[in-house]
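Please look at the structure first.

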Number of protein chains: 2
Amino acid sequence: MSRTIAVIGGDARYLELIRQLQLMSDTTIILVGFDKLEQGFTGLKQVEFNELELNTLDSIILPITGTDLEGNVDTVFSDQKIKLTKEWFHTLEKSTKVFTGITNDYLVEATKAARISLVPLLDRDDVAIYNSIPTAEGAIMMAIEHTDYTIHSSRVIVTGFGRVGQTVANRFAALGAKVSVSANNIKELARITEMGLTAIPIDKLHEHTDKCDILINTVPALVVNEKAIQHLPPNAIIIDLASKPGGTDFDYAKKRGIQAILTGSLPSIVAPKTAGKILADVIKQILLDEGSLS
Amino acid sequence: MSRTIAVIGGDARYLELIRQLQLMSDTTIILVGFDKLEQGFTGLKQVEFNELELNTLDSIILPITGTDLEGNVDTVFSDQKIKLTKEWFHTLEKSTKVFTGITNDYLVEATKAARISLVPLLDRDDVAIYNSIPTAEGAIMMAIEHTDYTIHSSRVIVTGFGRVGQTVANRFAALGAKVSVSANNIKELARITEMGLTAIPIDKLHEHTDKCDILINTVPALVVNEKAIQHLPPNAIIIDLASKPGGTDFDYAKKRGIQAILTGSLPSIVAPKTAGKILADVIKQILLDEGSLS
């Protein structure tokens with residue numbers, strides 16, 4: 001079975017993603033929005049957005065960011081303006097699979113109306129867990145860069161014990177930090193204790209921040225609030241890994257003179273190649289599973 | 001027993017070192033060469049080099065770098081030119097202890113001729129092992145910063161299994177890297193294997209570099225030579241932690257387009273506060289042991 005995949009836009013991660021997809025047999029890859037890329041891909045078709053023959057596409061890969069709320073695609077390696085209108089989705093074959101990193105109301109509605117299947121990759125547990133590795137390494141890099149003490153022996157509090165929080169807690173503990181984790185359910189608190197770390201119920205966080213050098217937030221809600229920040233020592237640092245706008249009262253941290261960083265997506269910054277491979281591995285798996293079913 | 005300590009020059013590490021020494025009871029601290037420091041120390045005497053009353057000094061702390069071969073002291077926080085002549089050492093009391101980071105022929109001869117006891121702190125096993133922690137964290141920071149893949153799952157070779165090599169191997173393994181260590185005696189090779197890492201006899205290094213993403217040298221001799229570099233994959237990186245000039249054939253690495261970094265002393269860069277505390281703890285220990293003997 002041969003397949004045709006169109007990659008429409010994407011950042012540095014997608015260079016490795018495309019490289020990995022090239023290794024699949026019987027696969028034609030068409031690139032849109034990579035025209036400004038200095039080191040091009042050999043043997044791949046690059047076309048203008050309007051030249052895409054939509055009825056030939058088995059899969060479409062959108063950037064990690066998907067589209068904005070009007071359907072515009074962010075193209076890092078192109079000046080082309082690409083807009084995926086609701087009509088555009090209607091002209092796709094019903095069997096086309098659309099991959100995106102994250103999704104939003106526009107994409108969900110547009111694909112639903114056109115009866116096209118949408119796969120938001122970053123929602124998947126496997127992708128989120130694999131991505132948590134470069135995220136944790138990015139947090140490590142920042143902690144080393146932005147403090148004048150070692151991670152080793154530092155008192156670290158991680159807020160949240162989800163897919164990212166677990167990895168971050170593991171890695172900082174492995175580097176010799178004294179790690180506490182703040183979480184809000186008894187299962188998580190028990191697991192934190194089992195792992196040899198200190199468990200802090202999230203509503204008691206502010207009682208522990210006076211003994212904290214590095215506070216790492218992974219919760220996309222305001223947990224690092226005024227009360228929590230108030231007791232931090234002056235040389236402490238807050239590293240907020242949650243998506244915008246983070247979970248930190250940045251204004252209050254600034255007022256207190258506490259260094260606080262909202263990191264944004266770290267995998268694309270610290271390890272675009274690994275991050276691209278993570279996405280490629282999952283996309284390949286989905287396509288191969290599908291192939292074997294049909 | 002009261003004591004007087006003169007700190008003559010020093011870098012960012014010495015700010016924490018001085019802060020720690022201030023906590024000792026019955027201790028007078030005199031600073032020379034910190035006049036350009038913006039945030040000064042309260043309650044400490046700052047004097048010009050020529051104003052030092054040498055016969056009152058129990059200890060003198062020189063910078064990590066000690067002196068050059070003419071006795072000149074590098075003062076980071078001052079424009080003063082400070083030169084410790086051989087005559088200067090003769091005017092010290094015979095009971096004065098002189099601490100330095102590293103030593104050289106000049107310092108050894110000058111103190112020997114004056115019968116003054118010299119303590120080169122970085123020669124001590126405890127200081128070297130404690131310092132290897134910020135060194136390893138610096139190597140981690142560089143590996144994350146200068147590659148587009150994660151440390152996790154990377155193939156890492158550490159050359160040397162001394163005080164620094166052991167720490168580096170431990171930390172990279174803790175981050176999920178596949179770590180091999182190249183060493184040259186059977187005791188080390190056995191220990192490397194016991195730790196679950198791959199042992200490589202140093203003369204076989206070149207047979208393994210084709211499967212290496214991150215090559216970290218800790219040996220102050222040319223072990224990362226042309227033969228070893230020749231087989232490295234193009235996206236590999238060499239991080240050389242050995243003192244100048246390192247243990248890498250940098251010219252050949254450049255010729256092959258392999259990224260190679262001679263890091264210099266990392267503790268002062270990534271964790272001056274921790275590095276200062278390490279020195280202070282050892283100096284305090286030596287002074288207290290001495291106090292209890294007299």
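Contact here means heavy atoms within 4.5 Å. By that rule, 22 residues of chain B are in contact with 22 residues of chain A. The model is predicted, so local features need pLDDT of at least 70 and side-chain atom pairs count only at pLDDT 80 or more, while totals for chains, interfaces and linings use all residues. Residues are numbered from 1 along each chain as its sequence is written, chains are lettered from A and ligands numbered from 1 in the order in which they are written, and side-chain values use heavy atoms, with hydrogens and water left out.

**Interface**

Buried area is the accessible area (1.4 Å probe) that two parts lose on being put together, summed over both. Chains B and A bury about 2100 Å² between them, with 62% of it on carbon and sulfur atoms. E137(B), I144(B) and T150(B) supply 27% of the area that chain B buries against chain A, more than any other three residues.

A polar contact is a pair of N or O atoms within 3.5 Å; within protein, one must be able to donate a hydrogen and the other to accept it, and residues adjacent in sequence count only if both atoms are side-chain atoms. Between chain B and chain A, 10 residue pairs are in polar contact, both residues being at pLDDT 80 or more.

Helices (H or I, at least four residues) and strands (E, at least two) are DSSP runs, numbered from the N terminus.

| Element of chain B | Residues |
|---|---|
| α4(B) | 125-145 |
| α5(B) | 163-174 |
| α10(B) | 272-293 |

The largest share of that side, seven residues, comes from α4(B).

**Pocket**

On a 1 Å grid over the protein atoms alone, a pocket is an open set of points where a 1.4 Å probe fits, with protein on both sides within 12 Å along at least five of seven lines; lining residues have an atom within 4 Å of a point. The largest pocket has 42 lining residues, and I102(A), L122(A), L241(A), S243(A) and S265(A) lie nearest its centre. In its lining, α4(A) gives the most, with five residues.
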